[in-house]
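Let's take a walk through a protein model together. Have the sequence and the 3D view open, and follow along as we go.

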Amino acid sequence: MREISVQHISDAVRELAIQACCILPQDVYAALAKSQESEPSPVGKSILKQIVKNADIARTDAVPMCQDTGITIIFAEVGQDVHIVGGSFEEAVNDGVRRGYSEGYLRKSMVAEPLFDRVNTKDNTPAMLHTRLVPGQHVRLRLAPKGAGSENKSMLKMLIPADGIEGVRKVVLEAVLAAGPNSCPPLVVGVGLGGSMEMAALCAKKAASRDLASSNPDPRYAAFEEELLELINKTGIGPQGLGGATTALKVHVEFCPTHIASLPVAVNINCHAARHAEILL
Amino acid sequence: MSEIKKIRAPFDEATARGLQAGQCVLISGTIIAARDAAHKKMIEALDKGQALPVDLHGAVIYYVGPSPSKPGFVIGSAGPTTAGRMDAYAPRLIREAGLRGMIGKGYRKPEVVAAMQEYGVPYLAAVGGAGALIARCIKKYTVLAYAELGAEALAAMEVEDFPAIVVIDSKGNNYYEMGQAAYRQLA
Ligand code: SF4
C-alpha cells in the first residue's frame with residue numbers, strides 16, 4: 001500500500017491546468033506545423049501560420065493560447081494499492097482546478113446549474129472527473145480543458161447494426177459539417193463507437209484527447225481513422241472554415257463492446273487547441 | 001494571398017463598403033469589445049428607448065471574452081468568440097445604433113446578412129484560438145460600461161495591426177461559401 005497525500009494530488013492538478021492551457025502539446029504542435037506545408041489555400045496557410053505563432057507566444061509569455069480555457073475534463077486512474085491520505089480525492093482535484101485557474105490567470109467558465117440561474121462558480125470548479133480504479137500503486141491524471149465552441153458541436157446518435165460503416169461515416173461527416181468554422185478548425189475529431197449511450201460518449205471524449213501521434217491499435221480501426229480523416233478533409237471547410245484541405249489534423253476512433261442490437265456513435269469535436277497534459281504520481 | 005490591407009477603426013462608410021470578402025486586413029484604432037451579456041443589456045436599453053452607454057455609430061464590435069490579464073499585461077488571451085450567438089441582437093444594433101462592423105468567428109444568420117447589406121456593414125473573422133497572438137495587438141483596454149459583467153463588460157480596445165479576414169462583405173459576398181467551394185471534393 002502506497003500513500004499519496006491529497007496535497008500532492010491538488011498540486012499536480014494545479015500544474016496540469018496551467019500547463020495544458022498555456023503550452024500546446026508537442027504532438028499537436030508538430031501536426032499543425034506539418035499542415036502548414038501541405039495546405040494548398042493561401043488564406044488557409046496564413047491562418048495555420050498564425051496558429052503556430054500563437055502557440056509560440058503563449059509558451060513564451062506563459063499565457064493561455066485561447067481565452068476559452070474551458071470546462072476542465074480530468075481522467076484519473078487510481079491504483080487500487082494507493083491509499084489517499086489527508087482528505088477527499090475529489091475535493092483535492094477540485095482544489096487543484098480552483099488554484100490553477102485563479103493563480104494561472106485562466107478564464108473561469110463554469111456555471112453551477114445549467115437551466116435557471118446559470119451562476120458562475122468563479123473558480124472553474126467542478127472538474128468533469130472520470131475516475132477508474134486500476135491495478136497498481138500509482139495515480140495517473142490526464143487533464144484536457146475543453147472550450148464550448150467545439151464541445152457544443154459534438155453529437156451522439158444511436159444507430160442500429162444495419163447502419164454499419166456507412167452510417168458511422170455519415171454521422172461523423174454530419175458533425176464536422178455542422179461544426180464548420182465555429183469549432184475553430186483544423187479539428188481533432190474523436191469518435192466513440194459501441195458501448196451504451198454514455199460509454200460511447202466517454203470513448204469519443206477519450207479519442208478526442210488522445211495523443212496525435214497515436215493510432216488505434218486495431219489495424220482495422222486505424223485504417224478507418226485514416227479513411228475518416230481523408231473524407232473530412234474533402235469537405236473543403238479548411239482552416240477556420242475559410243476553405244482548404246486541412247479541416248482536421250487527426251481522427252481518433254475508440255470502441256467498446258456493445259449490445260447485439262446497438263451501434264452507438266458519438267463524435268466529440270476538438271479544436272486545434274487540442275489541449276492535454278498528463279502526470280503519473 | 002492578396003496583399004494585406006491596413007485599415008482604421010472606427011470605420012467610415014468608404015472603408016466599410018470597400019472591404020471585400022476574402023481580403024486579409026490589419027486593423028488599427030479603436031474597437032469595442034462586447035459579447036452575449038453586454039448585447040442583451042444594449043438591446044434592453046434600446047427597448048426602453050434609452051441611449052446606449054457608448055455611441056456605436058461607425059463602431060466595430062469585437063465578440064470577445066478575454067481571460068484575466070497577468071500583472072504587467074494589458075489583457076489576457078483575447079481571441080474571437082462565436083458570432084452566431086449575437087445574431088439575435090446584431091440587426092438591431094446595425095439598424096438602430098449605427099454599428100459599422102463586426103469581428104468574430106463562425107457563420108451568421110441570413111437576417112444579419114440582410115441588415116449588413118442594407119446598411120453597408122462587413123463581418124470579419126479573427127483566427128479562433130489565436131488569443132495570445134491577438135492579445136499582443138491590443139495596446140489598451142478600457143471598460144466603458146457594465147463593469148459588473150467582468151470579462152463580458154463593454155470595453156474599448158486600442159488595437160494595432162489586429163489581423164482579421166473579411167468573411168461577409170457589405171454586398172453579401174460570403175467567403176466561408178466561396179473559400180470552401182474552391183476546395184470541396186465531395187460529391
Ligand atoms: S473552439 Fe477551441 S480554439 Fe476555438 S475558441 Fe473554443 S477553445 Fe478556443
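Let's begin with a network: salt bridges link Glu77(A), Arg132(A), Arg140(A), Arg142(A), Asp211(A) and Glu278(A). A salt bridge here is a side-chain nitrogen of Lys or Arg within 4 Å of a carboxyl oxygen of Asp or Glu. Before going on, some ground rules: this is a predicted model, where local features need pLDDT of at least 70 and side-chain atom pairs count only at pLDDT 80 or more, while totals for chains, interfaces and linings use all residues. Residues are numbered from 1 along each chain as its sequence is written, chains are lettered from A and ligands numbered from 1 in the order in which they are written, and side-chain values use heavy atoms, with hydrogens and water left out.

Arg142(A) and Glu278(A) meet through their side chains in a salt bridge of 2.7 Å, N to O. Arg142(A) sits in strand β5 (residues 139-146) of chain A and Glu278(A) in strand β10 (residues 277-280) of chain A, so the pair ties together parts that are 136 residues apart in sequence. Strands (E, at least two residues) and helices (H or I, at least four) are DSSP runs, numbered from the N terminus. Arg142(A) counts as buried because its relative accessibility is 15%, and Glu278(A) is partly exposed at 36%. The cut-offs are under 20% relative accessible area for buried, over 50% for exposed, and partly exposed in between (1.4 Å probe, protein chains only).

Over all chains, the count comes to 33 salt bridges. In chain B, Lys41(B) pairs with Glu148(B), with the closest N and O atoms 3.3 Å apart. This pair links distant parts of the chain, as Lys41(B) is in helix α2 (residues 36-47) and Glu148(B) is in the loop between β6 and β7, 107 residues apart. Another salt bridge joins the side chains of Asp87(B) and Arg108(B) (2.7 Å, N to O), and both of these residues are buried.

Now stay inside chain A and look for Asn124(A), in the loop between α4 (89-103) and β4 (128-134). Is Asn124(A) buried or exposed? Its relative accessibility is 0%, so it counts as buried. The side chain of Asn124(A) makes a polar contact of 3.0 Å with the side chain of Thr72(A). Polar contacts are pairs of N or O atoms within 3.5 Å; within protein, one must be able to donate a hydrogen and the other to accept it, and residues adjacent in sequence count only if both atoms are side-chain atoms. A polar atom of the Asn124(A) side chain also lies 2.7 Å from the backbone nitrogen of Ser109(A).

Finally, see how the two chains meet. The contact (heavy atoms within 4.5 Å) takes 39 residues from chain B and 40 residues from chain A. Together the chains bury about 3400 Å², 63% of it on carbon and sulfur atoms; buried area is the accessible area (1.4 Å probe) that two parts lose on being put together, summed over both. Leu133(B), Tyr183(B) and Leu186(B) supply 17% of the area that chain B buries against chain A, more than any other three residues. How many salt bridges are there between chain B and chain A? The count is one: Asp61(A) with Arg136(B), their closest N and O atoms 3.0 Å apart. Across this interface there are also 19 residue pairs in polar contact, both residues at pLDDT 80 or more.
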